[in-house]
Structure formats: structure tokens, C-alpha cells
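Work through the exercises below on charged side chains. Each task is followed by a solution in steps.

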Amino acid sequence: MDIQNEYLRGLMERVAARNPAEPEFHQAVKEVLISLSPVVEARPEYITEGVMDCLVEPERTIKFRVPWEDDQGKIHVNRGFRIQFSSAIGPYKGGLRFHPSVYEGIIKFLGFEQIFKNSLTGLPIGGGKGGSDFDPKGKSDTEVMRFCQSFMNELFKYIGPDTDVPAGDIGVGAREIGYLFGQYKRLANEFNGVLTGKGLTYGGSLARKEATGYGLCYFTDNMLKAAGKSFEGATVVISGSGNVALYACEKATALGGKVVAMSDSNGYVYDKDGIDLSLMKQIKEVERKRIKVYAERRPGVEYHEGCSGVWQIPCQIALPCATQNELDEASAKALIQNGCFAVAEGANMPCTPEAVDVIQAAGLLFAPAKAANAGGVAVSALEMSQNSMRFSWTFQEVDDRLKTIMTDLYHNAANAAEKYGMAGNLVAGANIAGFLKVADSMLAYGLV
Ligand code: NDP
């Protein structure tokens, strides 16, 4: 699909030229500009007042050196990033990703998406993202600690509870957040809510760990119900076996689905009787081992090398929860051929644009990441509120709020799509609903 509006088409060309060799960022911007064509035609001031040009340029990009020493005394140097994309509706908010594939383009695409996602939650949070090309896999706890401390030595200058509030993402879980917060507290000499995803003993929110996966299933449940379908009795395939995937598996099962497959970056397991989640959590959360071990410990489970094969397994609901561009056109066609009726994105941008086109053309229900995985950042914002109040809500209270947020979010996206003549297209609906609040705030500020 191409961008219909001429000005936005030119803007896309400038984005590609000014940000060379950053295909993920181009992909994310193009998807949004396609959806916004009818909006700028109805409201040309978004173009004439400079909103569109400002929106695709980060407010601030911070790039820094992260030197650290391994257990053998050898020095390594990684790169750190924080992209503060938009503070139009609140402090910059978005996770930190530690993965060898991280470079400026990945952080830029994630930061850009975060603007709209955060706006969609209805909470006052701007968009940002950060990370490093450091790989925590195979490192000892002390090596991860030294890396996190060195990373924070630089990052702490740019963040604050009312300025920029990072969280976790791929490779940054409870252990890393602990090391990062400990070092921040030491440097700033303040105990505040500067990070979310914190441990429960030092200001974390109940239900934050579960929030993205649970929120994905609440959103999907709304989408399914509107189409007269449900999780009840459906076969579900989930990619990944990290934070999002594990808690999507938990909630999909609670809602009556049967999850038969999960993966990691080496391969996938097919468990026709339904995933034993406590065994999977033991292997992934506690022992930090490969998914292959699940098949070794549970009789009758198949293990296959390579992660894209997971989409060949017949299912009715597919939840990609691993990483960007992991579900391509061929995988989408296999899902359709095998009777899949809904795809909901738990990871950020897991479906390629070609896959999304094929899925939508075949009439499947499709929940885009920006809306469907917003539960994590929504509960992060609830963690910020609890930190400000120096007060904690119960698990039930947070989960109830999450459910309400995801239901409202579904209806906002569905209504925006309908209003702009694209009923049922939640990609367009999410982009438009997320954009309007940010764009109107930018108009109110004048040129800044
Ligand atoms: P984790 O690090 O906990 O888990 C990531 C999972 O994806 C692991 O199973 C990992 O396997 C797999 N994976 C990573 N890279 C690849 C790859 N290149 N190919 C195949 N599999 C891969 O991360 P999260 O669960 O937190 O994040 C998953 C996705 O969800 C990301 O896109 C993230 O941006 C998004 N997200 C996360 C939120 C959160 O609250 N955590 C909030 C919103 C979005 P392996 O262990 O082998 O690397």
C-alpha cells in the first residue's frame, strides 16, 4: 500500500533520505503516514503548522559509550542510546532493549511507535526508547551488573521522574532494572519513580510483569467478541518465550484457549496437549535456559530448530510475541491456509508490511502492536502514579484498570477507523486515535 497524500509522500522521501540505512524506522513511519492521509486532508493545519514534519524528527537523540569489564578482566565497549522522541503529552516513556541487533534505527522505530501507543492508553506519557547492542545472554550476573552500572553512569544525566522514565524491553527484565535503579539512586541521591518494572520491594507495581501479555489478550478478546468469536476452545500459537509471551500464554489459557507452541531465537516446541506453563516459566524465568529443554523434560513434545516454522503449526489465533519482522508473507499465507482467524501483535512490529497486507486482504482479524501491546506501558504509567502517591494498589485493582484501559483502547481504535471510512481496520484506527491527541497538543504549543 502507498501513501495517498502528496505532502506526506514527500515527507516520507525526506525521512528516508535523512535517516539512511534505517529500514525499520522507514517501515514504522510509512505505516503511520498511510493511515494519516485522510486525517491531514480533513485537517490541513497539521501540515501547514509543521506538526507532521516535527513528528518524524526526535526531540533529542542521546548516544554514548558504555565501557565495562568482564569476569576475566577484559574490557568491552558497547553503544548506548536514548531517543527522546516526543514529550507532547507527558514525560518521555519507553523501554530499554539490550540485544546485539540494536542500533540507532531500531531505537528510532521503537521510539516513534511508542508516541502513538502511549497516547492510545489515555494516560499522560510521551514517547521514547533506549538500549544497547550489549547481549546479556551468557553473561554472569556480575558482568550484567557492571554493564548496567556503566550504562546508567551516562543515562542518569538525561532522565528523571518528570522528564524521562525508562522501563524494560528485550533483554532488560527484573534483574537489569534492579541494577539500573540501584545505580541511579546512588548517583542522583534520590529515591523516585525514574524507572518502571521495578521489583515489588522497591516501588514496583503488582501486575506489571503480567501487563503486556494480559493486555494483549484483553484487547484480542474485545476484538474477537466484536466479531462473534472468542478464545474459548481456540488453538493458539505464540512466538517467543520471554516476558510478553509467557503472560500471553497464561491469559490466553485462562480465557479458554489452548496454546500449543512457543519459541525462542533458536527454535520452537510443539506441545499438542497444551503448554505446561509452570514448566515453561521454570526453564525461562528461573533457569534462563533454551526452549529446547522444555521438550527434553516433557514427554511427547516436539522440538524444531529455527523459529519461523512456528507459523506452520495449524492454529486459530496467532500471537507473535518475539521481535520485529518475525512473521513474513509466507508465514501469513501458511496461517491463513491452516484456518487462522485472528492475528494479534504482542511484540513491536512483528509482522512485515507484506504479511499485514495478506492478513487484512484475507479478512482475518488483525490487532496491531501499537494498540494490542500497550498494556505494559499502561501499567508502567500506573506504577508512576503509585510512586508519586507513595502508595500501592492491589493486583486486582491494577488488573481491573488494565482491563478497562485495553477495552477503551479497542473501542477508540475501532471508532477512529470507522470515522475515517476504514471500518474494521485497527491499524489505521490505532494510528489515527494515537496521533490526534499528540498532534492537537503540538498545535497548542506553537512551533517548539
Ligand atoms: P524478552 O527478552 O523477555 O523475550 C524476547 C523473546 O523473543 C525471547 O523468547 C527471545 O528468544 C525471542 N527473540 C528475541 N529476538 C528474536 C529473534 N531475532 N528471533 C526470534 N526470537 C527472538 O522480551 P519481551 O518479552 O519483553 O519483548 C518481546 C517483544 O514485545 C519485543 O518486541 C518488545 O519490544 C515487545 N514489548 C514488550 C513489552 C514489555 O512489557 N516487556 C511491552 C510492549 C512491547 P531468545 O531468548 O532466544 O533471545
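**Exercise 1.** Determine whether Glu176 and Arg175 are buried or exposed, and state how their side chains interact.

Solution. Step 1: in this predicted model, Glu176 and Arg175 are both buried. Step 2: their side chains meet in a salt bridge, with an N to O distance of 3.0 Å.

**Exercise 2.** Find the salt-bridge partner of Lys108 and explain which parts of the chain the pair ties together.

Solution. Step 1: the partner is Glu22, and the closest N and O atoms are 2.8 Å apart. Step 2: Lys108 sits in helix H5 (residues 104-120), while Glu22 belongs to the loop between helix H1 (6-18) and helix H2 (23-42), so the pair ties together parts 86 residues apart in sequence. Step 3: both Lys108 and Glu22 are buried. Step 4: a network of salt bridges links Glu22, Lys63, Glu104 and Lys108.

**Exercise 3.** Describe the pairing of Lys225 with Asp221 and classify each residue by accessibility.

Solution. Step 1: Lys225 and Asp221 form a salt bridge whose closest N and O atoms are 2.9 Å apart. Step 2: the two residues are four apart in helix H8 (residues 208-226), so about one helical turn separates Lys225 from Asp221. Step 3: Lys225 has 54% relative accessibility and therefore counts as exposed. Step 4: Asp221 counts as buried because its relative accessibility is 13%.

**Exercise 4.** How many salt bridges does a search of the whole structure find?

Solution. The search finds 26 salt bridges.

Note on methods
Residues are numbered from 1 along each chain as its sequence is written. This is a predicted model: local features need pLDDT of at least 70, side-chain atom pairs count only at pLDDT 80 or more; totals for chains, interfaces and linings use all residues. Side-chain values use heavy atoms; hydrogens and water are left out. A salt bridge is a side-chain nitrogen of Lys or Arg within 4 Å of a carboxyl oxygen of Asp or Glu. Buried means under 20% relative accessible area, exposed over 50%, partly exposed in between (1.4 Å probe, protein chains only).
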